[in-house]
Amino acid sequence: MSISIRLSRGGAKKRPYYRIVVANSRSPRDGKYLEQIGTYNPLLAKDSADRVKLVEDRARYWLGVGAQPTDRVARFLDAAGIKERAARNNPKKGEPGEKAKERAEERAAKIAEAEEAARAAEEEAKAAAAAPAAEEAAAEEAPAEEAASEEQAEG
């Protein structure tokens with residue numbers, strides 16, 4: 001029989017209250033347990049002394065006979081100085097998943113394409129605005145050339 005030290009939920013809807021119990025690891029979460037060794041009230045302030053209450057000598061006994069605490073209870077035991085817990089470091093915890101990264105890349109590519117298309121349209125508009133001015137300039141030069149050619153023909 002494997003023994004675990006875990007939380008057993010009590011309280012009411014939206015008003016949780018947990019017992020810290022020693023139970024068979026195969027029994028239901030809120031089912032039968034061997035012994036209650038403490039309580040946990042998550043609604044109290046984090047610095048409140050009544051938030052987590054543990055019977056230290058019973059916790060040490062159950063740890064001594066091989067009971068395995070759950071992650072949450074291991075944190076409580078570490079805070080109480082009963083059992084030291086190895087700190088975990090997961091540097092990828094805050095990173096988005098692979099599909100989210102793919103969507104972000106696709107979104108960035110679409111934005112880049114839209115910016116490039118807008119830039120090309122802007123350049124075309126500038127070229128179109130400059131072309132009539134060039135045509136006007138060419139039209140103004142053309143009569144002068146005609147006049148010059150007429151003068152040469154007469155002269």
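Here is the chat about the chain shown above.

Student: Before we start, what kind of model is this?
Tutor: This is a predicted model.

Student: OK, how many helices and strands are there in the chain?
Tutor: The chain has 3 helices and 5 strands.

Student: And what pattern does the chain follow along the sequence?
Tutor: Reading along the sequence gives β-β-β-β-α-β-α-α.

Student: Which strand does strand 1 pair with, and in which sense?
Tutor: Strand 1, residues 3-12, pairs with strand 2, residues 15-24. The sense is antiparallel, and the pairing runs over 10 bridges. As a landmark, Ala12 is opposite Arg15 of strand 2.

Student: What sits between those two strands?
Tutor: The hairpin of strand 1 and strand 2 has 2 residues between the strands. Lys14 is found in that loop, and its phi is positive, near 60°, in a residue other than glycine.

Student: Is Lys14 buried or exposed?
Tutor: Lys14 counts as exposed, because its relative accessibility is 71% and the cut-off for exposed is over 50%.

Student: Back to strand 2, what about strand 3?
Tutor: Strand 2 also pairs with strand 3, residues 35-40, in the antiparallel sense, over 5 bridges. There, Val21 is opposite Gln36 in strand 3.

Student: Changing topic: what volume does the largest pocket have?
Tutor: The volume of the largest pocket is about 170 Å³.

Student: Which element gives the most to its lining?
Tutor: Helix 2 does, with 5 residues. Strand 4 (52-54) and helix 2 (71-80) each supply at least two residues of the lining. If you want to pick out some side chains on screen, the lining residues include Val52, Leu54, Arg72, Arg75 and Phe76.

Student: Now the whole chain. How much of it is buried?
Tutor: Of the 155 residues in the chain, 20% are buried.

Student: And what is the accessible surface of the chain?
Tutor: The accessible surface is about 11,900 Å², and carbon and sulfur atoms account for 49% of that.

Student: Last one: what share of the contacts comes from residues 24 or more positions apart?
Tutor: Counting contacts in the chain with a separation of 6 or more, 28% are between residues 24 or more positions apart.

Note on methods:
Residues numbered from 1 in each chain as written. Predicted model: local features only at pLDDT ≥ 70, side-chain atom pairs only at ≥ 80, totals over all residues. Heavy atoms only, no water. Helix = DSSP H or I, 4+ residues; strand = E, 2+ residues; numbered from the N terminus. Buried < 20%, exposed > 50% of the residue type's maximum accessible area, 1.4 Å probe, protein only. Contact = heavy atoms within 4.5 Å. Areas by Shrake-Rupley, 256 points an atom, 1.4 Å probe, with all protein chains shown as cover. Pairing = 2+ DSSP bridges. 1 Å grid on protein atoms, 1.4 Å probe; cavity = no way out; pocket = protein on both sides within 12 Å on 5 of 7 lines; lining within 4 Å. Points joined across faces, edges and corners; volume = space filled by probe spheres on them.
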